[in-house]
Amino acid sequence: MNDQELSEEKVMTCIAAYQQGSIQALEELVTLTRQPVYAYALRLTASPHGAEELFQETWLKAIRNLEQFRGGRFLSWLFRITHNLHIDLVRRHKDTVSLHAPAAGSEATLEACLADPKPGPEAQAAAADGVARIHSAVDQLPADQKMVFLMRTEGDLTFREIAATLNISINTALARMQYALTKLRRELAAEE
Amino acid sequence: MNKHQRHQQWILLDQTGELSGWRRWQLRRALAQDQELQAWRNALPKLLAPSAAPSPPIPEATMNRLREAAQDALTTTGEAAIKESSAPGWSLTRYALATLALIACLGAGWMIRSVNPNTNVVSSGTFSLEGLEQAIFDDDSLNDDLASVEEILTLASLDRMDDLTTDELAQALLAWEGESL
């Protein structure tokens with residue numbers, strides 16, 4: 001995502017145009033936020049279908065509450081909605097067994113635990129890619145660290161924004177990020 | 001938290017532009033002396049790289065659903081705005097009614113006060129029928145409103161019952177009424 005494309009000025013212009021009746025202005029805003037919000041949703045749900053659903057629900061809620069947006073970082077506001085919706089979704093399905101929920105006694109998801117230990121050709125090709133390895137390691141992080149990490153990397157949120165979004169102190173946000181990075185470095189070093 | 005961890009957090013804050021100038025200077029000094037801290041910082045760009053793969057285009061079904069929601073929200077907002085804009089009308093009506101009621105009360109009060117000083121019914125120690133009659137006839141606005149006069153007289157009589165009996169007041173009223181008719 002290009003910051004210039006989603007500048008505060010651009011966001012406010014689009015919102016104002018939409019409130020004057022331009023649906024196209026809203027479509028433009030949806031499109032501009034597609035990459036970071038979808039990427040964040042994908043990393044949270046670990047499923048393209050789940051990500052698509054979360055993206056749609058995020059924007060449906062955003063549209064209904066657009067008047068409550070009082071300026072500031074729009075992406076931070078959207079991420080807060082995504083985060084809260086994801087929490088609701090997890091709570092709603094906590095009694096059902098989900099492939100994306102952490103497996104008992106493990107921080108990894110059930111899906112990851114059930115995965116074929118021998119990676120297929122595609123997975124092997126992806127594993128060769130450093131980014132894919134990092135993403136795989138991120139998926140193994142505890143949920144609270146993963147949230148902070150994804151908000152920082154996918155949304156480019158500041159720690160102040162992350163703290164506000166997750167309703168935690170900035171020191172807690174920093175500590176979680178620090179733990180996450182330390183673990184990731186260790187994981188990647190072990191692989192190498 | 002040890003010094004090393006603190007410096008790591010400062011590196012993170014520095015990347016987001018949230019580190020103060022003084023601490024940035026301290027961090028620069030620490031980095032110059034600590035190779036491990038340098039290695040930690042140098043690893044960050046790789047670890048913090050966002051998703052390389054572009055997201056798929058927004059499905060048409062999703063976009064249509066969002067368009068519908070956006071249109072609904074606009075309609076709802078429009079209706080709310082109309083309600084809001086009509087609200088002052090209601091307020092104006094209420095204010096107008098309240099103002100009229102206030103004027104009526106003030107008018108009634110003025111009428112009572114305009115009679116009392118002349119009649120001296122309440123303020124004076126003795127009741128003067130002549131004075132009362134004079135006051136009533138001096139005030140043209142009261143001539144057509146006998147009910148009001150009656151009320152005034154009754155009130156006056158209640159205030160000074162020891163000065164005028166009910167029979168005397170009734171006789172005075174009848175006499176005055178017959179004269180006015």
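Modeller: A residue is buried if 20 or more other C-beta atoms, placed from the backbone, lie within 10 Å of its own, exposed if 12 or fewer, and partly exposed in between. This is a predicted model, in which local features need pLDDT of at least 70, side-chain atom pairs count only at pLDDT 80 or more, and totals for chains, interfaces and linings use all residues. Residues are numbered from 1 along each chain as its sequence is written, while chains are lettered from A and ligands numbered from 1 in the order in which they are written.

Biologist: How many residues of H2(B) are buried?

Modeller: Helices (H or I, at least four residues) and strands (E, at least two) are DSSP runs, numbered from the N terminus. Among the 13 residues of H2(B), one is buried, and the helix is hardly covered. In chain B, 14% of the 181 residues count as buried; the chain has eight helices and zero strands.

Biologist: Which residues of H1(B) and H2(B) meet?

Modeller: Contact requires C-beta atoms, placed from the backbone, within 7 Å. His7(B), Trp10(B), Ile11(B) and Asp14(B) of H1(B) meet Arg23(B), Arg24(B), Leu27(B) and Ala30(B) of H2(B).

Notes: Contact = placed C-beta atoms within 7 Å.
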